[in-house]
Amino acid sequence: MRIVLLGAPGSGKGTQAKLLVKEFGIPHISTGDLLRSAMEKKTKLGLQVKSVMEKGDLVSDDIVLAMLQERMKEEDAKKGFILDGFPRNLSQVNMLEKVLHDLSMPLNHALLIEVNPDEVVQRIAKRAQLEGRSDDTEEVVRNRLEVYDQQTAPVADYFDKKGVLSRLVGSGSIDSVYQRILAVLRF
Ligand code: AMP
């Protein structure tokens with residue numbers, strides 16, 4: 001099963017992805033996690049993307065695509081994957097379509113987790129306290145939400161037109177959102 005998880009920062013994509021990993025035994029591929037790990041390890045790529053990420057802007061498409069292609073070649077991704085944080089704009093949509101086409105691995109589902117903006121801001125404020133992510137400060141979160149509205153929201157529209165998008169209410173408990181996701185996947 002190949003799934004793309006879409007939703008604003010703080011919509012709960014990462015949390016839900018972890019539950020789906022357990023259920024379906026497929027890997028969670030998060031471009032944000034891959035980039036953060038490169039930053040922590042201070043690799044050349046990590047140092048290159050640090051300032052962009054700390055502002056909440058998007059890292060260049062080429063860098064993210066190269067990183068993603070490497071990850072997708074790993075053995076565990078052959079069974080499928082849950083993609084989180086990619087595609088982030090329409091040009092990344094085209095890149096993903098090409099990669100999946102070349103690998104003969106069509107997408108099964110795009111799930112959009114919808115949460116209202118006030119709730120998103122509250123959730124991220126909580127996460128900033130717990131995890132100390134350097135891009136979870138109020139100013140950066142505001143920018144990330146703006147980037148989402150301008151660049152990532154059209155990605156959902158694209159999958160909608162393609163007929164693979166399901167919209168899910170992302171408010172309520174983690175488990176209630178998860179049950180909504182399972183209901184869509186089992187349909
Ligand atoms: P996330 O963990 O998905 O919220 O991503 C954290 C940050 O990593 C984003 O604010 C971007 O700076 C960067 N990032 C993650 N995924 C992408 C992507 N697909 N394209 C460009 N930048 C990305």
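**Helix packing and ligand contacts**

Mentor: Start with a crossing: α2 passes α3 in a left-handed manner. Keep in mind that this is a predicted model.

Trainee: At what angle do helix α2 and helix α3 pack?

Mentor: Helix α2 covers residues 31-40, and helix α3 covers residues 44-55. Their axes are 8 Å apart. The packing angle is about 115°.

Trainee: Which residues of α3 make the contact with α2?

Mentor: From α2 come Gly 32, Leu 35, Arg 36, Ala 38 and Met 39. By class, the contact of α2 with α3 holds six nonpolar, two polar and two charged residues. On the α3 side the residues are Leu 45, Gly 46, Val 49, Lys 50 and Met 53.

Trainee: Are α4 and α5 roughly parallel or roughly antiparallel?

Mentor: Helix α4 (residues 61-72) and helix α5 (residues 90-102) have axes 11 Å apart. The angle between them is about 25°. Angles under 35 degrees count as roughly parallel. Therefore α4 and α5 are roughly parallel.

Trainee: How many nonpolar residues does the contact of α4 with α5 have?

Mentor: α4 gives Asp 61, Asp 62, Leu 65, Gln 69 and Met 72. α5 gives Ser 91, Gln 92, Met 95, Leu 96, Val 99 and Leu 100. Three of the contact residues are polar and two are charged. The nonpolar ones number six.

Trainee: What is the relation of α5 to α7?

Mentor: Helix α7 spans residues 138-162. The axes of α5 and α7 come within 8 Å and cross at roughly 45°. The two helices are therefore oblique.

Trainee: Which residues of α7 make the contact with α5?

Mentor: α5 contributes Leu 90, Val 93 and Glu 97. The contact has five nonpolar, one polar and two charged residues. The α7 side is Gln 151, Pro 154, Val 155, Tyr 158 and Lys 162.

Trainee: Which residue has a side-chain N or O atom 2.9 Å from a nitrogen atom of the ligand?

Mentor: 16 residues surround the ligand, with Thr 31, Arg 36, Asp 57, Gly 85 and Gln 92 the closest. A polar backbone atom of Asp 57 is 2.6 Å from a ligand oxygen atom. A polar backbone atom of Val 59 is 3.1 Å from a ligand nitrogen atom. The side chain at 2.9 Å belongs to Gln 92.

Trainee: Is the peptide bond from Phe 86 to Pro 87 cis or trans?

Mentor: Pro 87 sits in the loop between β3 (81-84) and α5. Most peptide bonds are trans. For the bond from Phe 86 to Pro 87, omega is near 0°. That bond is cis.

Technical notes: Residues are numbered from 1 along each chain as its sequence is written. This is a predicted model: local features need pLDDT of at least 70, side-chain atom pairs count only at pLDDT 80 or more; totals for chains, interfaces and linings use all residues. Side-chain values use heavy atoms; hydrogens and water are left out. Axes are lines fitted to C-alpha atoms, for helices over the stretch in contact, and angles run from 0 to 180 degrees between N-to-C directions. Helices (H or I, at least four residues) and strands (E, at least two) are DSSP runs, numbered from the N terminus. Angles under 35 degrees count as roughly parallel, over 145 as roughly antiparallel, 65 to 115 as roughly perpendicular and the rest as oblique. Contact means heavy atoms within 4.5 Å. Ala, Val, Leu, Ile, Met, Phe, Trp, Tyr, Cys and Pro count as nonpolar, Asp, Glu, Lys and Arg as charged, and the others, Gly among them, as polar. A residue is near a molecule or strand if one of its heavy atoms lies within 4 Å of it. A polar contact is a pair of N or O atoms within 3.5 Å; within protein, one must be able to donate a hydrogen and the other to accept it, and residues adjacent in sequence count only if both atoms are side-chain atoms. A crossing is left-handed if the near helix is turned anticlockwise from the far one by less than a right angle, and right-handed if clockwise.
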